[in-house]
Amino acid sequence: MGLQFGSFDSLCETAALVVCPLVGTEQGIVPTCYSRNVDVGGTLIFQPSTCFIHIVAIIMTAIMIYHIRSKYTAVGRKEIVTFFWMYALIQLIGMFLDSSIIPTANPAYEWFAAIYTGLVAATYCCLLINAFVGFQWAEDGTPKSLWALRIACLIVFAAGFFFAIATFKSFAGMSYAKPTALWIIYIIWPLACVPVYIISQLILVFRTLEDRWPIGDIIFGTAFWAIAMVILFAFSTTICDAIKHYIDGLFFSELCVLLSVMMVYKYWDSITKEDLEFSVGSKAAVWEVKDPLLSGAQDFPDEDSNYHGASGYGGGGGRGTAASLVGGVSGQQYYNQQSGPRRGGYPPAAGF
């Protein structure tokens with residue numbers, strides 16, 4: 001059966017998507033081939049290899065978030081970090097759903113699957129909005145920019161969540177037998193957001209940057225994402241049969257999606273420069289001292305100044321030694337006073 005608009009039948013027969021147990025029929029749609037289960041302490045864990053990728057993705061995302069947050073003055077830092085937080089949350093929920101730690105027969109699975117669907121849609125929305133941050137439609141990091149991002153993601157999340165739960169429970173004119181709205185938000189929406197992001201970033205690089213190396217990050221990220229979709233929806237069954245059910249296409253798809261997300265980070269990092277003048281880092285700052293007290297005597301032409309030692313202070317034809325920070329008098333001046341009252345001189349004069 002070929003791909004049909006609004007139908008998950010062919011997709012779910014090829015790939016074990018999160019929504020597959022809840023659409024098509026009352027029993028859901030079972031993939032033709034899926035990876036073997038493992039028994040851990042009496043609990044069956046589905047898709048163990050994919051769960052491993054979820055864990056790796058969470059760890060890698062945490063590292064990327066740490067590095068983004070350390071670039072205190074980089075453009076779009078707060079906006080892009082939102083995308084990675086959402087991606088990490090998707091991986092966390094996906095790990096529980098793919099592994100069936102939350103069983104598909106459990107009523108909670110429907111709600112978590114709806115949350116997962118809404119998060120996926122909102123994450124692509126976040127990526128789409130981040131595509132325009134570099135064009136400075138609103139100054140990055142300001143309440144206008146951040147709240148526009150948050151509200152847009154919240155609206156898309158609510159729409160995805162509603163379409164999913166209405167489809168799973170068959171209300172509001174939707175049903176699991178005809179999941180057209182869910183198909184649009186789950187399949188069409190990501191396919192619309194990614195090309196817009198790619199084209200906008202290419203325009204940004206060509207118009208505003210002299211360096212062309214970020215184009216390589218865009219190309220690699222695009223390639224990884226495209227490979228992930230092709231593997232998942234075209235070759236998942238072939239891979240599963242060839243490796244005798246140990247790994248299916250979902251494993252390689254999640255791996256390629258992770259690599260594409262890492263390329264998003266690499267691209268953002270390559271086009272942003274931190275303003276070191278206003279950055280706050282762990283390294284000690286190197287300061288240029290411009291205090292005149294720390295300068296040499298040649299900087300002060302006034303020979304009568306106590307800071308330079310006139311002819312009566314330390315000799316030297318009116319050009320004294322450098323001043324110190326202690327009272328503006330250097331150690332040599334202090335111990336070699338020859339004229340005037342011997343107050344403070346050393347050794348003390350007779351009678352003092």
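Exposed residues are those over 50% relative accessible area, and buried residues are those under 20%. The views below come from a predicted model.

**View 1. Ala-172, an exposed residue with a positive phi.** Ala-172 has a relative accessible area of 51%, so it counts as exposed. The residue is found in the loop between H5 and H6. Its phi is positive, about 60°, although Ala-172 is not a glycine. Most residues other than glycine have a negative phi.

**View 2. His-245, another loop residue with a positive phi.** His-245 is found in the loop between helix H8 (236-242) and H9. Phi of His-245 is near 70°, a positive value in a residue other than glycine. His-245 is partly exposed, with a relative accessible area of 33%.

**View 3. The whole protein chain.** The chain has 352 residues, and 42% of them count as buried. It holds 10 helices and 2 strands. From the N terminus on, the elements run α-β-β-α-α-α-α-α-α-α-α-α. The accessible surface comes to about 19,100 Å². Carbon and sulfur atoms own 66% of that surface.

**View 4. The salt bridge of Lys-71 and Asp-269.** A search of the whole structure finds 2 salt bridges. In one of them, the side chains of Lys-71 and Asp-269 meet at 3.1 Å, N to O. Lys-71 lies in the loop between helix H2 (48-70) and H3, and Asp-269 lies in helix H9, so the pair ties together parts that are 198 residues apart in sequence. Lys-71 is buried, with a relative accessible area of 12%. Asp-269 counts as partly exposed, at 28% relative accessibility.

**View 5. The salt bridge of Glu-110 and Lys-169.** Here the side chains of Glu-110 and Lys-169 meet at 2.8 Å, N to O. Glu-110 lies in helix H4 and Lys-169 in helix H5 (residues 143-169), so this pair ties together parts that are 59 residues apart in sequence. Glu-110 is buried, with a relative accessible area of 18%. Lys-169 is partly exposed, at 37%. Side chains of opposite charge can pair when their charged atoms come close.

**View 6. Leu-182 and its surroundings.** Leu-182 sits in helix H6. Its relative accessible area is 0%, so Leu-182 is buried. Thr-167 is 15 residues from Leu-182 along the chain, and their C-alpha atoms are separated by 7.0 Å.

**View 7. Thr-14 in helix H1.** Thr-14 is found in helix H1 (residues 9-14). Thr-14 is buried, with a relative accessible area of 15%. Leaving aside neighbours within four places in sequence, Thr-14 is in contact with Leu-232, Phe-233, Ala-234, Ser-236 and Thr-237. Among these partners, Leu-232, Phe-233 and Ala-234 fall within the range of helix H7 (214-234).

**View 8. Ser-100, between two helices.** Ser-100 is found in the loop between helix H3 (77-98) and helix H4 (107-130). Ser-100 is buried, with a relative accessible area of 17%. Ser-100 and Val-18 are 82 residues apart in sequence. Their C-alpha atoms are 9.9 Å apart in space.

**View 9. The largest pocket.** The largest pocket has a volume of about 880 Å³. Its lining is made by 43 residues. Of these, Tyr-124, Pro-190, Trp-225, Met-229 and Val-257 lie nearest its centre. H1, H3, H4, H6, helix H7 (214-234) and helix H9 (249-271) each supply at least two residues of the lining. H9 gives the most, with 9 residues.

**View 10. A nonpolar surface patch.** Phe-132, Phe-135, Trp-137, Val-196, Ile-199 and Ile-203 make a nonpolar surface patch of about 510 Å². One of these residues, Ile-203, has its place in helix H6 (residues 180-208). Ile-203 is partly exposed, with a relative accessible area of 37%.

Key:
Residues are numbered from 1 along each chain as its sequence is written. This is a predicted model: local features need pLDDT of at least 70, side-chain atom pairs count only at pLDDT 80 or more; totals for chains, interfaces and linings use all residues. Side-chain values use heavy atoms; hydrogens and water are left out. Helices (H or I, at least four residues) and strands (E, at least two) are DSSP runs, numbered from the N terminus. Buried means under 20% relative accessible area, exposed over 50%, partly exposed in between (1.4 Å probe, protein chains only). Contact means heavy atoms within 4.5 Å. Patches are made of residues with over 30% relative accessible area and no salt bridge: like charges are joined within 9 Å, nonpolar side chains (Val, Leu, Ile, Met, Phe, Trp, Tyr) within 5 Å. Accessible areas come from the Shrake-Rupley method with a 1.4 Å probe; for residues, only the protein chains shown count as cover. A salt bridge is a side-chain nitrogen of Lys or Arg within 4 Å of a carboxyl oxygen of Asp or Glu. On a 1 Å grid over the protein atoms alone, a cavity is a set of points where a 1.4 Å probe fits but cannot get out, and a pocket is an open set with protein on both sides within 12 Å along at least five of seven lines; lining residues have an atom within 4 Å of a point. Grid points are joined across faces, edges and corners, and a volume is the space filled by probe spheres set on the points.
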